[in-house]
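Student: Please take one part of this model and go through it closely. I would like the cut-offs for each term as you use it.

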Amino acid sequence: MEEIVVLIVGAGPSGLATSACLSVHSIPHIILEKEDIYASLWKKRAYDRLKLHLAKEFCSLPFKPHSPDSPTYIPKDMFVDYLDDYVKTFNIQPKYQRHVESASYDEADGKWRIEAKNVLTGGVEVYVAEFLVVASGENSGKYIPELPGLDSFSGETLHSSEYKSGAKYENKEVLVVGCGNSGMEIAYDLSNYGVQTAIVIRNPVHVVTKEIVRVGMIFSKYLPIFIVDIMAVLMSKILYGDLSKYGIRRPAKGPFYLKATAGRAPVIDVGTVAKIKSKEIKVN
Ligand SMILES: NC(=O)C1=CN([C@@H]2O[C@H](COP(=O)(O)OP(=O)(O)OC[C@H]3O[C@@H](n4cnc5c(N)ncnc54)[C@H](OP(=O)(O)O)[C@@H]3O)[C@@H](O)[C@H]2O)C=CC1
Ligand SMILES: O=C(O)C(=O)Cc1c[nH]c2ccccc12
């Protein structure tokens with residue numbers, strides 16, 4: 001058993017940021033990470049052409065602004081370099097291959113009891129902490145729904161977390177299931193590689209540009225969210241027109257409201273909409 005003041009679950013950007021803040025205040029802590037590296041989503045499970053959707057001023061971790069020389073929308077590899085630098089600067093040393101399986105709060109002694117499986121040995125390690133920070137990520141686990149017939153489908157099936165680029169699929173036909181930011185950008189990337197691409201859009205979704213989001217993020221510091229949403233939707237309507245005839249319907253609630261209340265991000269268009277309009281990408 002190990003006793004510590006703060007235990008952080010997850011060595012993604014949030015866990016690393018928490019560690020840096022605690023170190024600055026000399027508060028003893030540890031990070032438990034189930035993978036064998038920090039920021040595994042960024043290092044292992046993101047596609048090649050990914051750039052941050054938010055401008056760099058909204059994507060820096062505490063005590064380390066992005067360099068003035070870096071682009072406004074930072075590419076994935078540059079963000080990984082930034083995280084590498086962050087980990088060195090704050091001497092962050094997560095305990096790797098520790099999969100946290102349970103955490104319970106003991107009212108009597110006012111402490112958390114955390115059980116983590118050591119992935120290498122299979123043994124269970126027990127930690128006791130005064131504070132628990134869960135920074136295990138919104139998107140760490142992949143999910144493929146049960147689709148009847150999927151087992152007998154003779155083509156290749158993959159999850160977006162395994163997708164790198166369309167190079168492998170040239171001259172093939174690919175159906176992208178899901179029209180979140182991953183699905184919409186992967187469809188665009190596939191189409192750029194000459195792949196016959198179709199995408200499934202089953203529910204209403206907001207489509208905006210990264211510039212609309214940037215303006216909205218700045219305005220949301222000063223204005224109520226419903227005003228920011230009115231402006232964002234208006235800008236999107238002016239830019240894209242009515243997309244319902246292409247199968248893209250707009251939700252009744254606004255994009256910033258949905259992000260804030262339900263964690264549902266709008267789609268930040270990287271060029272997919274133009275390809276849908278020109279029928280280079282089919283909507284199913
Ligand atoms: N550059 C960047 O910064 C990027 C950021 N991201 C972010 O990462 C997070 C995860 O994004 P993403 O991977 O796109 O996942 P999301 O959860 O955002 O989107 C999943 C999509 O799949 C659809 N879906 C799920 N199940 C089915 C089904 N059975 N049939 C049809 N459609 C289905 C959902 O539709 P429905 O709404 O109907 O449930 C939704 O459109 C988001 O916050 C996103 O904004 C992602 C890519 C790039
Ligand atoms: O959630 C995401 O990953 C995004 O794609 C971008 C995003 C983060 N916060 C936001 C707030 C409003 C609109 C988009 C975003």
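Tutor: Start with E35, which counts as buried at 18% relative accessibility. Buried means under 20% relative accessible area, exposed over 50%, and partly exposed in between (1.4 Å probe, protein chains only). This is a predicted model: local features need pLDDT of at least 70, side-chain atom pairs count only at pLDDT 80 or more, and totals for chains, interfaces and linings use all residues. Residues are numbered from 1 along each chain as its sequence is written, chains are lettered from A and ligands numbered from 1 in the order in which they are written, and side-chain values use heavy atoms, with hydrogens and water left out.

Now the partner of E35. The side chains of E35 and R45 meet in a salt bridge, at 3.6 Å from N to O. This pair links distant parts of the chain, 10 residues apart. E35 sits in the loop between β2 (29-32) and α2, while R45 sits in the loop between α2 (40-44) and α3 (76-89). A salt bridge here is a side-chain nitrogen of Lys or Arg within 4 Å of a carboxyl oxygen of Asp or Glu. By this rule the count comes to 16. Helices (H or I, at least four residues) and strands (E, at least two) are DSSP runs, numbered from the N terminus.

Next, E185 and R49. Their closest N and O atoms are 2.6 Å apart, in a salt bridge. E185 lies in helix α4 (residues 181-192) and R49 in the loop between α2 and α3, so this pair ties together parts that are 136 residues apart in sequence. E185 counts as buried, at 4% relative accessibility. R49 is partly exposed, with a relative accessible area of 29%.

A further pair is E115 with R113. Their salt bridge brings the closest N and O atoms to 3.1 Å. E115 is partly exposed at 27% relative accessibility, and R113 is partly exposed at 39%. Salt bridges can also share partners. Those that do join K34, E35, D36, K44 and R45 into one network.

Stay with the loop between α2 and α3, which holds T72. T72 counts as partly exposed at 30% relative accessibility. A55 is 17 residues from T72 in sequence, yet their C-alpha atoms are 5.3 Å apart in space.

The ligands come next. A residue is near a molecule or strand if one of its heavy atoms lies within 4 Å of it. Ligand 1 has 15 residues around it, and the closest are K51, N181, S182, R202 and N203. A polar contact is a pair of N or O atoms within 3.5 Å; within protein, one must be able to donate a hydrogen and the other to accept it, and residues adjacent in sequence count only if both atoms are side-chain atoms. K51 uses a backbone N or O atom, 2.6 Å from a nitrogen atom of ligand 1. N181 uses a side-chain N or O atom, 2.8 Å from an oxygen atom of ligand 1. For R202, a side-chain N or O atom is 2.7 Å from an oxygen atom of ligand 1. Taken alone, ligand 1 exposes 930 Å², and the protein buries 66% of that. Accessible areas come from the Shrake-Rupley method with a 1.4 Å probe; for residues, only the protein chains shown count as cover. The shell around ligand 1 divides into 6 nonpolar, 7 polar and 2 charged residues. Ala, Val, Leu, Ile, Met, Phe, Trp, Tyr, Cys and Pro count as nonpolar, Asp, Glu, Lys and Arg as charged, and the others, Gly among them, as polar.

N181 is also among the residues around ligand 2. The side chain of N181 places an N or O atom 3.2 Å from an oxygen atom of ligand 2. A polar side-chain atom of H53 lies 3.2 Å from an oxygen atom of ligand 2. For K259, a side-chain N or O atom is 2.6 Å from an oxygen atom of ligand 2. On its own, ligand 2 exposes 360 Å², of which the protein buries 76%. Its shell divides into 6 nonpolar, 2 polar and 1 charged.

The protein has 8 helices and 10 strands. Its C-alpha trace spans about 60 × 55 × 40 Å along the principal axes. Of the 284 residues, 40% are buried.
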